[in-house]
Amino acid sequence: MASQDWMDKDFYATLGVSKDASDADVKKAYRKLARTHHPDQNPGDEAAEKKFKEISEAYAVLSDPQERQEYDAIRAMGGGARFSAPGGAGGGGFEDVFGGMFGGGGGPRTTQSEPDLSDLFSGMFSGAAGQPGGFGPGGFGDAGYARPRPTKGADRTATTTISFRGSIQGTTVSLRGPDGETIEVKIPKGIRDGQKVRARGKGSPGPAGRGDLLVTVHVREHEFFRRDGDDLRITVPITFPEAALGATIEVPTLDRPVKVKVPAGSQCGRVLRLKGRGVERGKTTGDLLVELRVTVPTTLNDDARAAVEALQSATAGDDPRRELARKAAW
């Protein structure tokens, strides 16, 4: 830009800063205006493009200490002095300002320092995928502006309910999209109620490919098995003689029944642990916790009643509530 043109342009007003504004204030003002008027943010808007050129021109001068000093001197003298424009006499203009910014034409500059705009544009227009102004791997377009990077389509969400066995062993569910498309989603074994599964490439289409499908999985409760982390819990009834004398009983597991030894004198609520009989998830496998529940017969035949009465007589000296009064004392 020829220096004689500086008289007609108030770069401070263009950026909306005072004449004694600091370099940081100039930079901050430019960032704000450039973000608003950048052509990538306003495709096809000639007024925005013109405004962007003006604020970039102003910043190119005010951000360079030497050029700003010359500009202030020219404005103070009312244009009496004439200086050669940066880069030599002649053309200059928009290309000169953006030559250092985008690698465009406009000839070499003769000043010792140039405004470094790389830090401005690295943060201003490097938005996330899907946001306007993101610089893609394609670099810059023919006009010197960044081309928007192609973005993937939006993610979609869905919810499904599977059986308890399906959550333990893993399963595959079929979901129908809003467009009627049937999507097969593999549910990994060991998934918990409320967890999500990501099906990559099953979301909405976009220029850079499809987004993902996020499926929230709910698990139906089981009548017998209860999940506790990676462990499984079951409640198994036993008779009084089995609890008192000990016994070997058979209990169900996820795949087949197994034999379990009940120690003599087992109390109601005692828990027996079967290693490795729980939920397999990745490299870990939980246990099966067997809670014993002593049952009391609701009816007794004559022989059974006689046997219980004989037991009562034989254990008359045993009082299981002997310590209650001491424990309850204040």
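How many aromatic pairs does the count come to? I worked on a predicted model, in which local features need pLDDT of at least 70, side-chain atom pairs count only at pLDDT 80 or more, and totals for chains, interfaces and linings use all residues. Residues are numbered from 1 along each chain as its sequence is written, and side-chain values use heavy atoms, with hydrogens and water left out.

The count came to 4 aromatic pairs, where rings of Phe, Tyr and Trp (its six-membered ring) pair if their centres lie within 6.5 Å, and planes under 30 degrees apart count as stacked, over 60 as edge-to-face and the rest as tilted. I noted Y30 and Y59, whose ring centres are 4.3 Å apart with planes at 15°, so this pair is stacked. Y30 lies in helix 2 (residues 23-37) and Y59 in helix 3, 29 residues apart, and the pair thus links distant parts of the chain; helices here are DSSP runs (H or I, at least four residues), numbered from the N terminus.

I then followed helix 3 (residues 46-62) to helix 4 (residues 65-76), and found that their axes come within 6 Å and cross at roughly 100°, the axes being lines fitted to C-alpha atoms over the stretch in contact, with angles from 0 to 180 degrees between N-to-C directions. That makes helix 3 roughly perpendicular to helix 4 (65 to 115 degrees). A60, V61 and L62 in helix 3 meet E67, R68 and Y71 in helix 4, contact meaning heavy atoms within 4.5 Å.

Technical notes
Helices (H or I, at least four residues) and strands (E, at least two) are DSSP runs, numbered from the N terminus. Angles under 35 degrees count as roughly parallel, over 145 as roughly antiparallel, 65 to 115 as roughly perpendicular and the rest as oblique.
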